[in-house]
Amino acid sequence: MDTSLALVRHGQTDWNLAGRLQGRTDIPLNETGREQAREAGRKLIGEGFSLVLASPLERAQETAVLIAQQIGAATGNAVPELIERGFGPLEGRIMAEVSDEESAAAAEQIEPRAHILSRAVPALLDIASRHAGRKIMIVSHGATMRTIRDALSGTKERQGVENGEIIDVDLARLEQLAGELDLVAF
């Protein structure tokens with residue numbers, strides 16, 4: 001069996017529902033989020049995933065457990081490099097209420113997309129290497145997944161990543177991207 005990686009966004013939280021930027025604030029799933037996690041798991045039944053990993057945040061960890069229960073897979077250690085983007089002083093704010101001026105003033109305190117890639121891409125390659133021959137699902141977060149998705153495709157899509165959405169990771173393209181970004185030594 002070939003090695004395979006996929007990312008799934010955690011289920012909904014009350015802050016997602018309210019349109020609040022969560023970033024690294026550790027907000028738990030709500031009941032809708034738990035059902036989204038179970039539904040994502042049901043969609044994966046029979047797909048051959050044997051391990052579910054997650055960012056260290058509670059919403060990702062609980063999503064991983066709920067998915068793993070549905071598909072009969074193991075869970076493993078947290079993957080800190082797949083944590084959500086840090087939004088600094090904007091965390092907890094309702095996105096629609098943040099003015100362009102506030103966003104610009106906070107820009108230097110928001111984690112740059114290049115930093116997300118510099119931590120996430122090598123981590124994904126390491127997971128693929130350590131778990132060669134397995135299908136691995138990794139629970140992550142909207143902004144982190146969007147950054148990875150857009151970098152892999154070479155386009156910036158307008159839409160975000162929905163709660164429970166699954167994105168397959170093209171490992172050959174991931175290795176190519178790592179080389180382009182000079183993130184790993186070959």
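Reader: Which residues does Ser50 touch, not counting residues up to four places away in sequence?
Author: Ser50 touches Ala73, Ala74, Arg134 and Lys135, where contact means heavy atoms within 4.5 Å. This is a predicted model, in which local features need pLDDT of at least 70, side-chain atom pairs count only at pLDDT 80 or more, and totals for chains, interfaces and linings use all residues. Residues are numbered from 1 along each chain as its sequence is written, and side-chain values use heavy atoms, with hydrogens and water left out.

Reader: Where is Ser50 placed?
Author: Ser50 is in strand β2; helices (H or I, at least four residues) and strands (E, at least two) are DSSP runs, numbered from the N terminus. Ser50 is partly exposed, at 26% relative accessible area. For that scale, buried means under 20%, exposed over 50%, and partly exposed in between, with a 1.4 Å probe and protein chains only.

Reader: Which residues of α2 are buried?
Author: Gly33, Arg34, Ala37, Ala40, Gly41 and Leu44. Seen down the axis of α2, they fall within an arc of 120 degrees, so they line one face of the helix. The arc is taken from the directions from the helix axis to the C-beta atoms. An α-helix has 3.6 residues a turn, so residues three or four places apart point the same way. On the other side of α2, Glu31 and Lys43 are exposed.

Reader: What do the buried residues of α2 pack against?
Author: They pack against β1 (4-9), β2 (49-54), α3 (58-71), β4 (135-140) and β5 (166-169).

Reader: What caps the N-terminal end of α2?
Author: Asn30 does, with a side-chain oxygen 3.1 Å from the backbone nitrogen of Thr32. Just after α2, Gly46 takes a positive phi of about 85 degrees.

Reader: New topic. Is Thr13 buried or exposed?
Author: Thr13 is buried, at a relative accessible area of 0%. It is found in the loop between β1 and α1 (14-18). A polar atom of its side chain lies 3.2 Å from the backbone nitrogen of Trp15.

Reader: What does the side chain of Asn16 reach?
Author: The side chain of Asn16 reaches the backbone nitrogen of Thr13 at 3.0 Å, and it makes a polar contact with the side chain of Asn163 at 3.3 Å. A polar contact is a pair of N or O atoms within 3.5 Å; within protein, one must be able to donate a hydrogen and the other to accept it, and residues adjacent in sequence count only if both atoms are side-chain atoms. Asn16 is in helix α1 and is buried, at 19%.

Reader: And Asp182, what is its phi?
Author: Asp182 has a positive phi of about 55 degrees although it is not a glycine. It sits in the segment after α7 (171-180) and counts as exposed at 65% relative accessibility.
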